[in-house]
Amino acid sequence: MSIEKTPLQQRLPPRSAIPSTPEAMLAKKQAREQKDAQVRGVPSIDAMREAIKRAARTLPAITDVPRVGPLDAARFRALAAQGLPFLMTGVVKRWPLCQLTPQTLRERYSHLPVRARVGDYVNTAFAPDRAMQDMSMLDYLDLVAQGVHELPPYLGNLELRELNSLCHWPAYFDKIGPPRYWLGPAGTVTPLHCDYDDNLFAQIWGSKRIILSPPHHDEFLYPREANAILFGSPFDPEAPDYERFPLARQATMIECLVEAGDMLYVPAGWYHQVRSLAFSLSSNRWARAVPFALRGDAAFDIG
């Protein structure tokens, strides 16, 4: 007897299966790392990670994220090659997506299938079995409206292709992944972590506080590998526990407020923690190429 799939099951990607043996886990990890390296055009992901941290040790110390206006591709790439984060103001304001509101989502996009982060998704953020719940956009907005959760449910890292035509991403990267969307009320959090890909983060509406730390300060942040290009930290810079994590006193933490219309460039390897200060819609895209900070490194010369 066959079981017919619901519309949500048909449209949401399947959840990743956890390999049954250590050997299978290792084989899957190695295959993924090899594919990731090929996509980015680097010798290996491990070599790329170490080169990013090595380059970061030569960076000047900063206490604030520089704010600039809109940039053309040449100027953006010149700034990005310096290896430091920066924020571009006004880049996103003209996107049609900025005209959306939570009510618009309810009226026009209530049918969209989404996968919500629920429960204690902060302390289980990088666990393969973290709690997720499949529902419609309408169900999610109703769940948030109840306001009964200590940690509000969060729509994070989702592909919502119906929204893509409402965004006008600048052509800064030669190779780039699809847009990902982040939706949730004040209080939603993505805990401290780093991605080893260059990242463009667009704030559509609402505002977020982002705390950043440079790549080579991972030695102070007790990193845990989620996969070869994603590392999480158990340290919370908003509620620092130096008894549990004494080395974290040595880590630089840079606070940045990202408001509607802003676009933040987060270089590969920079740790960041993200908190919504108001009901927010954000979108980001990760590059799929050699990080800009390594473009002058002979080992990663792409010609």
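This is a predicted model: local features need pLDDT of at least 70, side-chain atom pairs count only at pLDDT 80 or more; totals for chains, interfaces and linings use all residues.
Which residues are exposed on the other side of H6?

1. Residues are numbered from 1 along each chain as its sequence is written, and side-chain values use heavy atoms, with hydrogens and water left out.

2. The protein chain contains six helices and 15 strands (DSSP runs, H or I of at least four residues for helices and E of at least two for strands, numbered from the N terminus). Its C-alpha atoms fill a box of roughly 55 × 50 × 45 Å along the principal axes.

3. In helix H6 (residues 137-146), the buried residues are Met 137, Tyr 140, Leu 141, Leu 143 and Val 144. They lie on the same side of H6 because they cover an arc of only 160° around the axis (taken from the directions from the helix axis to the C-beta atoms). On the other side of H6, Ala 145 and Gln 146 are exposed.

4. The buried residues of H6 pack against helix H5 (102-108) and strands S3 (113-117), S4 (132-136), S5 (154-158) and S6 (180-184) (contact means heavy atoms within 4.5 Å). Gly 147 follows H6 and has a positive phi, near 60°.

Note on methods
Buried means under 20% relative accessible area, exposed over 50%, partly exposed in between (1.4 Å probe, protein chains only).
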